Amino acid sequence: AAIQASKAGRRVMMVERDSRVGGECVHRGTIPSKTLRETALELLRARRYGGAFSVTMEHCPLVERLMPRLRSVLDSHDRFIGEQLERNGIDRIHGQASFVDRQTLNVTGVDGSTRKLAGDNIVIATGSRPREPDDIDVDHEFVLDSDSVLSMCYLPRSLLVLGSGVIACEYASIFAILGVEVTMIDRYARPLGFLDPDLSDHFTAALTSFGARFQGGRSVTEMTFEAARGVSAVLDDGSCRRAEKVLFALGRVANLDGLEIERAGLVVNGRGLLDVDRNCRTAVPHIYAAGDVIGAPSLASSAMEQGRLVVRHALGLSHGAPPHTIPAGIYTIPEISSVGLGEAQARAEHGAVKVAVARFAEVARGQIDGNTDGMLKLIADADGRRLLGVQIVGEGATELIHLGQMALVQQLDIDVFVENIFNFPTLAESYRIAALAVIAQRAARPAAVA
């Protein structure tokens, strides 16, 4: 948002209470967790070669030893963002902002000093933080959240993961591969239940193969801590689960505390978020909001685009329609990515549809990489021509999805995946295999009716 406003010739002030720019995504969430994920993935890849390498994991290694590149990655990203802001002439203040009225902000610096700022337009992009349970003390020693989980000094022998959403599943799969005994507990019947069932079932099977367990339809009613034994969790069926550590991963909440938004005429909705219109404008016309503070899809990619679009709208610049075809990437092991409609949603909206699956085991690149347990699923309309959605699970899913995204954006027929040439060997060939299967369904004669 700041860079777009500067490029449009406006004077921009960015207020950030952290000492570094980048927020949760860069410093405590996405980038650190994906760096650890790469370590786990390299270990898994080595194991897949079936004895070509001898790979062992020492007991309780230091977590920091598993992420030797993390500090380098963070420093590089922090420097890159800072240089971008400087090149664009954006002023920055390290401090806590709060509204005085609809047009004015009060900023308290780290030294206690205060200053007032006024702007023609204000963008709230303060992100989110891990949700804290009402009945469980997150002490960051025995019970961790998604911010503190990577501050552990060593890998525990065992870990209870409370939740089955994106963050819970990402960490559950990572730690299971690293040799931690993982048990994931949630009140929902299946992990990642919002996904196409083929994807969530595939993930659950992979998680089980890594030695982890999922207990669905259960919740924790009591939790106790003992320095020598770790954590004991009593479930609603009376059973007890013990582990050295617990990861509480049951959602996130918007960072709106301390902003005094009511002084600007704003209120949060029932989910603790800011309501906005299709242009991300709040109830106060010159105040916009972007990212996690407005809720789904709560993706770093969509938040960046929202920041760009809201400024263009605020300044009366051409901005086009907000994107409706947003790919989602989940960095579990294996990766999961989707765009457009899932099969159940497509059937609900369009009635009959044609569905085809290509498995990574069918393509040479999958065999070469040992990446044979993935799949790509195409969903087309009843005629088998119009693409409605793409669902992918397997390593490389978050890169592969963009082919499907571009096809959806351009409203291309399924045939485009057959009429164009893919590099060989690549996982992208899966699009051609699935498309050929859809076309075969299109050509098949309808079954006789008795």
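# A tour of the predicted model

Start with the open sheet of four strands, in the order β1-β2-β3-β4 and with mixed pairing. A strand here is a DSSP run of E of at least two residues, a helix a run of H or I of at least four, both numbered from the N terminus; two strands pair if DSSP finds at least two bridges between them. From one strand to the next, the twist averages 55°, with axes fitted to C-alpha atoms and angles from 0 to 180 degrees between N-to-C directions.

This is a predicted model: local features need pLDDT of at least 70 and side-chain atom pairs count only at pLDDT 80 or more, while totals for chains, interfaces and linings use all residues. Residues are numbered from 1 along each chain as its sequence is written, and side-chain values use heavy atoms, with hydrogens and water left out.

Next, select β2 (residues 91-99) and β3 (residues 104-109), which run antiparallel and are joined by five bridges. Ala97 has Val107 of β3 as its bridge partner.

Move to strand β20 (residues 375-380). Six of its six residues are buried, so the strand is largely enclosed by the rest of the structure. Buried means under 20% relative accessible area, exposed over 50%, and partly exposed in between, with a 1.4 Å probe and protein chains only. In a regular strand, side chains alternate between the two faces of the sheet. Met375, Lys377 and Ile379 point one way from β20, and Leu376, Leu378 and Ala380 the other way.

Strand β19 (residues 354-359) runs antiparallel to β20, with six bridges; Ala356 is paired with Leu378. Strand β21 (residues 387-393) also pairs with β20 in the antiparallel sense, over six bridges, and Ala380 has Leu387 as its partner there. In the hairpin of β20 and β21, with six residues between the strands, select Gly384, which takes a positive phi near 70°.

Finish at Gln411, in the loop between α11 (397-409) and α12 (416-419). Gln411 is exposed, with a relative accessible area of 70%. Its C-alpha is 38 Å from that of Met14, 397 residues apart along the chain.
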